[in-house]
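This briefing looks at how two chains meet and at selected local features of each. Please keep the sequence and the 3D view at hand while reading.

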Amino acid sequence: MPQNNSLQSATTDIVEMGRTITPALQQEIEQFLYHEAELLDDRKIAEWVDLMADDIHYFMPLRTTRGPRDRNLELSGAHDIAYFDESKASLQLRLRKLQTGTAWAEEPPSRTRHLVTNVRISTTAKADEYEVKSAFLLYRNRSERQTDIFAGERTDGLRRVDMPAGFKIFKRLILLDQATLEANNLSIFF
Amino acid sequence: MSVTKRNDAGAAPSVSLTDLFDEKSGTISPAIYADPQLYELELERVFSRSWLFIAHETHIPKAGDYLATYMAEDPVIAVRQKDGGVKVFLNQCRHRGMKICRTDGGNAKAFTCTYHGWAYDIGGNLVQVPLEQQSFACLDKKQWGARQARVDSYKGLIFATWNMDAPTLSDYLGDAKSYLDLILDRSEGGTEAIGGIVKWVIPCNWKFAAEQFCSDMYHGATSHMSPMMAASPDTLPGDPTDFSGRQFRASRGGHGTGFFVEGAEWLWRVGQAGEHVSGFDIAAAEQRTNLHRSGKRPVGFSQHMTVFPNFSIFAGANTARVWHPRGPGEIEVWAFGLVDKAASDAEKEQMRLMTLRTFSAAGTWEQDDGENWVEVQRVLRGHEARRTLFNAQMGAGAPRGEDPTFPETITNAFAEEAARGFYAHWQKLMTDVDGSFSKAGSYADAAE
Ligand code: FES
Ligand SMILES: [Fe+2]
């Protein structure tokens, strides 16, 4: 990813790949991410799945603790087990599971709060697609006092579409900052 | 029920351990899932005396490949040796006990302790000690290698034990072997591990997980109704009326398994759910697998199984896992995918997706298991809850089937015969003060 090392003020355009990240674009994409987070936290999962493009690759690899000789293996590979490796169809199946009323890990549902920050945008070779990195903190509480906290980074591929939300997500890479998952399951989305 | 220790003999609780599980009445005292002293006793009498799963052979194929794992609470390193064998040794420096390996896996030439620098070779032998000449009068390095466990393997699965008097792994597995073969030997060339181990924490006792995989087909209809409904929304699972399954209770050793046989409505449903998420055609794969070679009817994809104490497989989702105990009220699940070596790359990819989408931390089936066990464990904080007996009577007294294809089974997949076998063996170990029960010779004795 191209790096821009100079400090930017909120009113300064950032140039990536010869194109410009204007404060307006920065705000537009941040608002999209906040909208998406709100859908998840409001349990509007069907609407959230609608934000995924038909070619979505929703991927959350495993992370391991590695020594210097094997540091390149810290993330599990494309042919390894992952926490999530989802297509639109498999996300829709997850949605249908949640809609059955008998998905006990989310019935009654968890309370979640998706905090999204450190949003950095890069342009891509395609004028209508952006690569967006963000940091997240996801708080989840369910039942009486069962609480999980997840932190990590997302790298999203956003495609501009003619819809009120403005974008669809066609790629999401989620790096969880845990090697042993500190939760009894992942019945929520990142 | 509380467990207090005798004044004279250190570890022997004064409460009668024989009360904790009563096979005749089919009752379990929930204290066994919650009592810290019983847990300490389990570490000694169950885990240190049994064969424990370590890794699949394909996790560490080349010399120097290692995997840092656990035998119950004890951290160990499994390392492929230059001669092709595997050593498993305690991940504890003999100087002051620092971990000699602080990473999860990879390839090593040696393990050097980061505290004072003692270095161990890939066999666990102490080979280098800083300032040895200057500061140690005479250090016999041969005496100070890492503590070695005994290692054995069965069809690709590596196990280890601290019990030097234990029977061979083959004898330990006993009549459960032919049921493990349904998975491990179902196609030419056996199995290999998909890369990556999913590790997650469930605040529940290890026996809830191990017993369920050993014996509990029963919970599927309720606990896992949602992924089945999601896969085939038009037809609800309804009441399971097709009982054409089998449940196996090992005649010795606490192992158990259960499965449906050909044509069972349930098998079809499980298969359909898998196919829906991954495109993996279970029916076709089942036709291809080589249990047909051995003349057995296809069962593999519905099969749940536990090798006592804490290694389980669910063939339907190609998943194998260890339930590492972490105190009476917590486990770490370490799960990996197990696929047929003979499968094509495309099939392996489908199996990989099916595993992670169904039985894994985020799996649409497995999510709901954790939910159950967490709630059960939380209830057991209650004093009265801990002394209110559980019912494990299902299928009691059912006659063994006459089916020579599946020896030692009852003809009903919905039963708790294997669970009773699991707890009976657990109890034998827990009441075995001197360890004689888990010695090789005693495995020739009568069945439990
Ligand atoms: S503890 Fe390992 S060298 Fe001292
Ligand atoms: Fe289950």
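In β8(A), A:R172 is the bridge partner of A:D156; strands here, like helices, are DSSP runs numbered from the N terminus, with helices (H or I) of at least four residues and strands (E) of at least two. The model is a predicted one, in which local features need pLDDT of at least 70 and side-chain atom pairs count only at pLDDT 80 or more, while totals for chains, interfaces and linings use all residues. Residues are numbered from 1 along each chain as its sequence is written, chains are lettered from A and ligands numbered from 1 in the order in which they are written, and side-chain values use heavy atoms, with hydrogens and water left out.

**Antiparallel strands in chain A**

- Strand β7 (residues 146-160) of chain A pairs with strand β8 (residues 167-176) of chain A in the antiparallel sense over nine bridges, where pairing requires that DSSP finds at least two bridges between two strands.
- The hairpin formed by β7(A) and β8(A) has six residues between its strands, and A:G166 in the turn has a positive phi of about 95°.
- Strand β6 (residues 129-142) of chain A runs antiparallel to β7(A) and is joined to it by 14 bridges, with A:R140 standing opposite A:D148 in β7(A).
- Three residues lie between the strands in the hairpin of β6(A) and β7(A), where A:S143 takes a positive phi near 55°.

**Contact between chain B and chain A**

- The contact (heavy atoms within 4.5 Å) takes 40 residues from chain A and 49 residues from chain B.
- About 3,700 Å² is buried between chain B and chain A, 53% of it on carbon and sulfur atoms; buried area is the accessible area (1.4 Å probe) that two parts lose on being put together, summed over both.
- Of the area that chain B buries against chain A, 15% is supplied by B:R352, B:Q367 and B:E371, more than by any other three residues.
- Four salt bridges are counted between chain B and chain A, each being a side-chain nitrogen of Lys or Arg within 4 Å of a carboxyl oxygen of Asp or Glu.
- A salt bridge brings together the side chains of A:D85 and B:R352 (2.8 Å, N to O).
- Elements that give two or more residues to the side of chain B that touches chain A include β20 (331-340), α10 (345-358) and α11 (367-379) of chain B, and the largest share, seven residues, comes from α11(B).
- By residue class, the side of chain B that touches chain A divides into 21 nonpolar, 16 polar and 12 charged residues; Ala, Val, Leu, Ile, Met, Phe, Trp, Tyr, Cys and Pro count as nonpolar, Asp, Glu, Lys and Arg as charged, and the others, Gly among them, as polar.

**Salt bridges over the whole structure**

- Over all chains, a search of the whole structure finds 38 salt bridges.
- In chain A, the side chains of A:R113 and A:D41 meet in a salt bridge (3.9 Å, N to O).
- Because A:R113 lies in strand β5 (residues 111-123) of chain A and A:D41 in helix α1 (residues 23-41) of chain A, this pair ties together parts that are 72 residues apart in sequence.

**Backbone features**

- A cis peptide bond, with omega near 0°, runs from A:E107 to A:P108, and A:P108 is placed in the loop between α3 (88-99) and β5 of chain A.
- In chain B, the peptide bond that joins B:F308 and B:P309 is cis, with omega about 0°, and B:P309 is found in the loop between β17 (304-307) and β18 (311-314) of chain B.
- Although A:N118 is not a glycine, it has a positive phi of about 50°; A:N118 lies in strand β5 of chain A.

**An open sheet in chain B**

- Three strands of chain B form an open sheet in the order β1-β2-β21, with antiparallel pairing.
- At the edges stand β1 (21-22) and β21 (390-391) of chain B, each with a single partner strand, so one side of each is left without a neighbour in the sheet.
- Strand β2 (residues 27-28) of chain B is joined to β21(B) by two bridges, and B:T27 stands opposite B:N391 in β21(B).
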